[in-house]
Amino acid sequence: MSAAPSSQPEPASPSAPVPAPLPDTLDVSARVPLLALFLSAAGWLLIGSVFALIASIKFHAPGFLAGSGWLTYGRIYPVSTNLFLYGFCVQAGLGVALWLLGRLGQTTLAQLWLVGVGGFLWNLGVIAGVLGVLDRASTGFEHLEMPGYAAMIMFLGYVLLALCGVLTFHQRKLRELYASQWFLFTALFWFPWIYSTANLLLVTFPVRGVVQSILDWWYSQNLQVVWLGLVGLAIVFYFIPKLSDRELHSRYLAVLVFWMLVLLGPWGGIPNSAPVPAWLPVASTISAVLLVTALIAVALNVYRTIGCVALAAPGNPSLSFTLFAVAAFIIAGLMRAFGGLLDSTQELQFTWFATARSQLHACGFFAMAVFGAVYWILPRIIGLEFPWPKLVRAHFWVAAVGITLLVLPLAIGGIVQALQLQKPNIPFTTIANTGLTFLRVSTIGDLLLLCGHLIFLGNLISLALKFYSVPARAAYMAATADLFKTVEAKS
Amino acid sequence: MNYGPLLFLGAFFALAASWFGFVLTPQIQLGQLQQTNTVPAGVIYPLGRPGFAREGLEVYRANGCAYCHSQQVGQTGTTCNVVLDQPGTNPPALIEAILKVVPLESQSRARELLTGLPKPVLEGLGKEAADAAAKTLSVDGAKASVWIVPAGPDIARGWAKRRTVAEDFLFDSPVMLGARRIGPDLANVGVRLPDARWHLRHLYAPRAEVKGSVMPPYGFLFERRRIERARSPDALDLPPVAAPEPGYEIVPTREARALAAYLVSLQADAPLFVAPLTVPAPVTPEGTNAAPGSAAATNALATNSPAR
């Protein structure tokens, strides 16, 4: 291997016995499939945020691009959320998860062809699903809009990707488990369970009446809170100690967070005014409030690990991303708990406040954690530093300001709207337009996020180009061409 | 616990628990839900949507209307109104009784209450207080009844008469309750706006019908045609701001008409056991048999109105 990774020997698990120096092959072997996963995730992220921006602009001028059906708000908005969730979050999350499972188990990724084929199928499914939604084949269930045929392809792709993760986990050399492995191993199984249940009971053999909505809420909650939470927190618990060069404060607190998340997380997400038996929204609120203990445990663990000094001035951009993710995770969780608790007139859940909360969780927590991880992982598996390190920093600041400008106006606007909705003498058009004033500020946030995602993709592409321009390229390609042909074609 | 299989079992148990709670239990509770009867009329509810409205549900789904419109009306509680139905034979005694239960300053104000019955005398009471007041008012043949009135900001806004319940969506698939109110709630829009032609005009040019509307126009559901011999009977009667140039007409496609039929069919206001409310006895206009108040565009829609 000509391009040797620059990774120094690193202890996989601070609390575990100090492992032997890592063989170079660990990082190098998986470079092409992982790079392909990250590049296609970044591509979907960019395309998704273009759709999100168009959807946002429609609030400035309702007539904008209103002439053709496939560009109507009700189609491009779900496309933007689906591209973000499935194109970016799940794909990039899986990429990071596979790398972490290999690294923490001190082993190479097992059966790399699974990653290539799985990634290809997953992306094929995303393309089919997005085209389906644009061509009015949406299932009508939020976060599960992609039609059945696309879901089937994606499911298959996920299973192959997860299989690689499970096999890697199984062949780990370091038997003792680090906290992040708990999160990741569980996440691998979690998605196929919920995705198949939701698709079978909503699309293939639909249940009757409002049970459909309950199932959809259950699925959304499991995907957004539990799956994104598991993978995002695995990243946090690995990278915070790693990047600040300290040991994780408490392994037990991390395990507590794990059990809180898997035991309480799925019992949420049903809004207060839903026309369902009353115990369902009550259970949701209770679960959201109890999850506050998990938030406290995360905050405590991170703070005790990293200390005040590094918290104020993180030296590494990846650490900045991860710390931002932790803050967003905690704030979004508090918004979920207190939004449900204080919403006695059941109006807040319908406003932009709910959008702000889920955006903060998805973009502020999960995406930022993944950015930080990818910026750390890629130089190591490729063996080169990013050509323009300043652009990595720039991405952090653009994304951080963008998320703040996206979430803050929406949250405030939502509260104002909820207060107005309680007064029946204020006409609804007035309320809608009040909300729009805030939404229009948040469009700037959308625009900045788009810029951030452009920088992200640019950084990844520049690194890939730098890598492939290395003279050893030809030799490397010849050695692995038959193995990675499918993946190469995509990237 | 450092073993994969144990971790797997633990996670499986956690997810299975939530599956039992949030998938299986609701399915047992609601999955076999049957039609119910309205209270007290005893009419079967809900009736399935007519075929054309069901086609409209597909248009609603395909174009993602549910991302801006919820179909769930909330209710914070139920209050009682005391309504005076008949004055009876002894007005002075009744006025005295009214003064006992209603804080009025003079007898003349109480006398005003006796004109134009039935009329609410007291509003927003609890059940016991309302029953007691109704009893006090029932002197010498006077009749007072207690009306159940759902309360809450959504209902005060006039979006619905009661909260939405599981029965309202019994025959819909997919059920699209919506999560945001970028636009108004639509659970009961067919009662508020029963005219399918209004919905068509509104879909084509929202701002021409509702000032300050933020809804995008759905021009792609309509056809702009040159008028050949005579104007199509389906062509929209648009206000001047939205009208096409002379010689042209705007004709709704089948999709648009189906969507309008679906919107008109959204009428979740039947009084049910789970969501009680009192509705006034039907006042049939003399000499006609017509259903009250509805100017629906097709025959199918009228059959769908829940009994009132």
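Helix α5 of chain A spans residues 148–170 in this predicted model. Its 23 residues reach 32 Å from the first C-alpha to the last, close to the 33 Å expected at 1.5 Å a residue. The expected span is 1.5 Å times one less than the number of residues. Helices (H or I, at least four residues) and strands (E, at least two) are DSSP runs, numbered from the N terminus. Buried residues of α5(A) include A:Ala150, A:Met154, A:Tyr158, A:Leu161 and A:Phe169. Buried means under 20% relative accessible area, exposed over 50%, and partly exposed in between (1.4 Å probe, protein chains only). The cover over the buried residues of α5(A) includes α2 (31–57), α3, α4 (112–134), α6 and α7 (211–244) of chain A, together with α1 (4–30) of chain B.

As this is a predicted model, local features need pLDDT of at least 70 and side-chain atom pairs count only at pLDDT 80 or more, while totals for chains, interfaces and linings use all residues. Residues are numbered from 1 along each chain as its sequence is written, chains are lettered from A and ligands numbered from 1 in the order in which they are written, and side-chain values use heavy atoms, with hydrogens and water left out.

Chain A contains 15 helices and 0 strands. Of its 491 residues, 66% count as buried. Among chain A contacts (heavy atoms within 4.5 Å) between residues at least 6 apart in sequence, 83% join residues at least 24 apart.

Helices α3 (residues 73–105) and α6 (residues 179–204) of chain A have axes that come within 10 Å and cross at roughly 140°. Therefore α3(A) is oblique to α6(A). Angles under 35 degrees count as roughly parallel, over 145 as roughly antiparallel, 65 to 115 as roughly perpendicular and the rest as oblique. Residues making the contact include A:Tyr86, A:Leu94 and A:Leu101 of α3(A) and A:Leu184, A:Leu188 and A:Phe191 of α6(A).

Helix α8 of chain A covers residues 251–264. Of its 14 residues, 10 are buried, so α8(A) is largely enclosed by the rest of the structure. Among them are A:Leu253, A:Val257, A:Phe258 and A:Leu261. A:Ser250 caps the N-terminal end, with a side-chain oxygen 3.2 Å from the backbone nitrogen of A:Tyr252.

In chain B, B:Gly56 lies in helix α2 (residues 51–62). B:Gly56 is buried, with a relative accessible area of 0%. Beyond residues up to four places away in sequence, B:Gly56 touches B:Ala258, B:Leu259 and B:Tyr262. The C-alpha atoms of B:Gly56 and B:Tyr262 are separated by 4.9 Å, although the two residues are 206 residues apart along the chain.

Terms used
A polar contact is a pair of N or O atoms within 3.5 Å; within protein, one must be able to donate a hydrogen and the other to accept it, and residues adjacent in sequence count only if both atoms are side-chain atoms. Axes are lines fitted to C-alpha atoms, for helices over the stretch in contact, and angles run from 0 to 180 degrees between N-to-C directions.
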